[in-house]
Amino acid sequence: MKILKVTCAIIEKGGQTLVVQRSNKMKLPLKWEFPGGKIEENESEEECIIREIKEELNIEIELISRLATSNFNYSNFSIQLVPFIARHTKGVIRLSEHKQYLWMSNKNLKNLDWAEADIPIVNEYLNL
Ligand SMILES: Nc1nc2c([nH]c(=O)n2[C@@H]2O[C@H](COP(=O)(O)OP(=O)(O)OP(=O)(O)O)[C@@H](O)[C@H]2O)c(=O)[nH]1
């Protein structure tokens with residue numbers, strides 16, 4: 001089976017964290033995730049997440065740290081999801097693909113209907 005290598009960003013601002021909901025037309029419709037996307041050929045993980053955040057949210061971020069990769073097998077594909085903690089440095093959010101975004105306090109993060117690959121990442125993040 002094909003393994004997708006994907007980066008995602010846990011973007012923090014004023015004690016809150018940015019989360020995005022997938023649209024009806026995407027895979028895993030209406031699931032919540034951290035914004036990000038597939039690593040392209042000849043691209044580093046860091047280059048990937050900075051590019052994806054610009055494409056999906058129209059903002060710039062600065063990377064702070066990296067958490068553990070989450071490996072997950074969905075029924076029709078497998079992913080390696082590489083999370084970064086980041087800070088929003090520039091720009092106003094304008095979504096290009098997702099249905100909606102929310103700034104959430106940590107205590108509410110667990111209540112979202114997450115893409116399954118994100119659950120270990122949410123748990124690690126909340127235990128930091
Ligand atoms: N960006 C992102 N993708 C995630 C997360 N969790 C997770 O399972 N994924 C999956 O990883 C893949 C990311 O690829 P992508 O965002 O470039 O989307 P894509 O073009 O493959 O899918 P699409 O055709 O539905 O847009 C998707 O299949 C998505 O379902 C996450 O937290 N962030």
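Let me start with Leu30, which is placed in the loop between strand 2 and strand 3; strands here are DSSP runs of E with at least two residues, helices are runs of H or I with at least four, and both are numbered from the N terminus. Residue numbers count from 1 along each chain as its sequence is written. This is a predicted model: local features need pLDDT of at least 70, side-chain atom pairs count only at pLDDT 80 or more, and totals for chains, interfaces and linings use all residues.

Leu30 is not a glycine, yet its phi is positive, about 70 degrees. Is Leu30 buried or exposed? It counts as exposed, because it has 12 C-beta neighbours inside 10 Å. The cut-offs, with C-beta atoms placed from the backbone, are 20 or more others within 10 Å for buried, 12 or fewer for exposed, and partly exposed in between.

Leu28 lies in the loop between strand 2 (16-21) and strand 3 (32-33). Leu28 also is not a glycine and has a positive phi, about 50 degrees. With 15 C-beta neighbours inside 10 Å, Leu28 is partly exposed.

Now the ligand. Of the 17 residues around it, Met26, Lys27, Glu33, Gly36 and Gly37 come nearest; near means that the C-beta atom, placed from the backbone, lies within 6 Å. Strand 1 (3-13), strand 4 (36-38) and strand 7 (78-90) each give two or more residues to this shell.

Last, the record. UniProt, in an unreviewed entry, lists residues 1-126 as "domain: Nudix hydrolase"; positions follow the numbering used here, feature names are shortened, and annotations may be inferred rather than shown by experiment. Over residues 1-126 the chain is 20% helix and 41% strand.
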